[in-house]
Amino acid sequence: MSALHVDLDAFEANLRVIRSRIAPADHMLVVKDDAYGHGLAPIVRRAREAGVGWFGAFDVRTGLAVRDELGPDPRVFVWLIVGEADAAAAVAAELDLGVGDAALLEDVAAAASRLGMIARVHLKADTGLHRNGIRPEDWGAVTRRAAALEASGAIAVEAVWSHLAEASDAEDDLSREVFDTAVARAQTAGLHPRLRHLAASAAGLARPDFRYDLVRIGAFAYGIRPAGGPDETALGVRPIATLTAEVIEVSADAARIDLGALDGLFSSLAGRIRVSTPAGPRLLRAIHRRSAVVDPWAGADVGQPVTIYGPAAHAPGTATDLAEAVGTIGEEVATRLSPGIPREYRAT
Ligand SMILES: *Cc1c(COP(=O)(O)O)cnc(C)c1O
């Protein structure tokens, strides 16, 4: 049996560090992908108790789940909205809607008018990522249209926002200039957005001038450090999840551990990482679909726990260490965990 143990006290400590580092900007806790694999409901409940006022949910389904869990007070931001029905569901639940194209703006306004509500819109400027967002050449027309819709009472433009490529500081600097221009042009169009948000974990913590009013932080809140960046200690956060598996078979030269529902540990990790056994770290030799093979230890026995990753006190490596061993990022390891793996919540 494998299990993910989530330390909610460590999570709350991370939230406090983040908040003090980015103040006076506010923290939007990003909870996409089932709160980066840590389990949505317990994470948002604890964050709310700890005073988090903004949640970044990605899609409308997740936004509705956060709203259900936490009630009407916190702000819940979604930025994947597909078509009119999705827009209507988001408006009805009083979510904040990230709008990155002109057609969606119309869908959102139409839904709000039908419901007799005012949709809270965050207009997304494309600042170079070219993933989704209103291009500079369309920004003038879309912001003027948004101002008209605001005057008609269908929408309220709460924010202008964008997302960084985070490929290099120089590129991000250019994006920031494009962003500032977009904010100024929105004001010229007659909008008065109260909020600007641009940065996620990396730029948000490292670069004060990228924080604006709100910083959308996921990874660091869960103690997942940026690939190739400063380590957790330097950041002042710690990993909140420990992944364990049980020994199911012992032979003279190997111990086999059960990956059960794990279904998502990169097979390329085999031979590259050590796991923590009751007798100390041992090489993870091979990874199969439902089990993995570890170098043996004296006294190895069926039922003993082996820790695959976790904070330093529990394992030789964190999720990010595993990720870096195979050339990816910590989020990839965390979010690949199957929902079938039990999550267990505990204090430190
Ligand atoms: C995932 C995501 C974030 C959070 O990024 P982290 O690096 O995990 O902090 C912020 N903004 C958007 C638009 C995202 O998709």
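Where is the place of Ala-35? In this predicted model, Ala-35 lies in helix H2. Its phi is near 55°, a positive value in a residue other than glycine. Ala-35 counts as buried, at 0% relative accessibility. Asp-34 is also found in helix H2, which spans residues 32-36. Asp-34 has a positive phi of about 55° although it is not a glycine. Asp-34 counts as partly exposed because its relative accessibility is 37%, between the cut-offs of 20% and 50%. Most residues other than glycine have a negative phi, and most peptide bonds are trans. The peptide bond from Ala-23 to Pro-24 is cis, with omega near 5°. Pro-24 sits in the loop between H1 and S2.

The largest nonpolar core holds 112 residues, of which Leu-29 and Val-31 touch the most other members. Helix H1 (residues 8-22) gives the most to this core, contributing six residues. In soluble globular proteins, nonpolar side chains tend to be buried together. Beyond four places in sequence, Val-31 touches Leu-40, Ile-43, Val-44, Phe-55, Gly-56, Ala-57, Thr-62, Val-66 and Tyr-222.

Helix H1 has 15 residues. The helix reaches 21 Å from its first C-alpha to its last, close to the 21 Å expected at 1.5 Å a residue. Its buried residues are Leu-8, Ala-10, Phe-11, Glu-12, Ala-13, Asn-14, Leu-15, Ile-18 and Ile-22.

A helix pair was examined next. The axes of H6 (residues 102-115) and H7 (residues 136-151) come within 11 Å and cross at roughly 5°. H6 is therefore roughly parallel to H7, as angles under 35 degrees count as such. On H6, the contact is made by Ala-102, Leu-105, Glu-106 and Ala-109. On H7, Val-142, Arg-145, Ala-146 and Leu-149 take part. By class, this contact has six nonpolar, no polar and two charged residues.

Thr-242 is found in strand S10 (residues 241-251). Thr-242 counts as buried because its relative accessible area is 4%, under the 20% cut-off. Not counting residues up to four places away in sequence, Thr-242 touches Ala-3, Leu-4, His-5, Thr-307, Tyr-309, Gly-310, Pro-311, His-314 and Arg-346.

Key: Residues numbered from 1 in each chain as written. Predicted model: local features only at pLDDT ≥ 70, side-chain atom pairs only at ≥ 80, totals over all residues. Heavy atoms only, no water. Core = buried A, V, L, I, M, F, W, Y, C linked by side-chain atoms within 4.5 Å. Buried < 20%, exposed > 50% of the residue type's maximum accessible area, 1.4 Å probe, protein only. Helix = DSSP H or I, 4+ residues; strand = E, 2+ residues; numbered from the N terminus. Contact = heavy atoms within 4.5 Å. Axes fitted to C-alpha atoms, helices over the stretch in contact; angles between N-to-C directions. Parallel < 35°, antiparallel > 145°, perpendicular 65-115°, else oblique. Nonpolar A, V, L, I, M, F, W, Y, C, P; charged D, E, K, R; others polar. Expected span 1.5 Å × (residues − 1).
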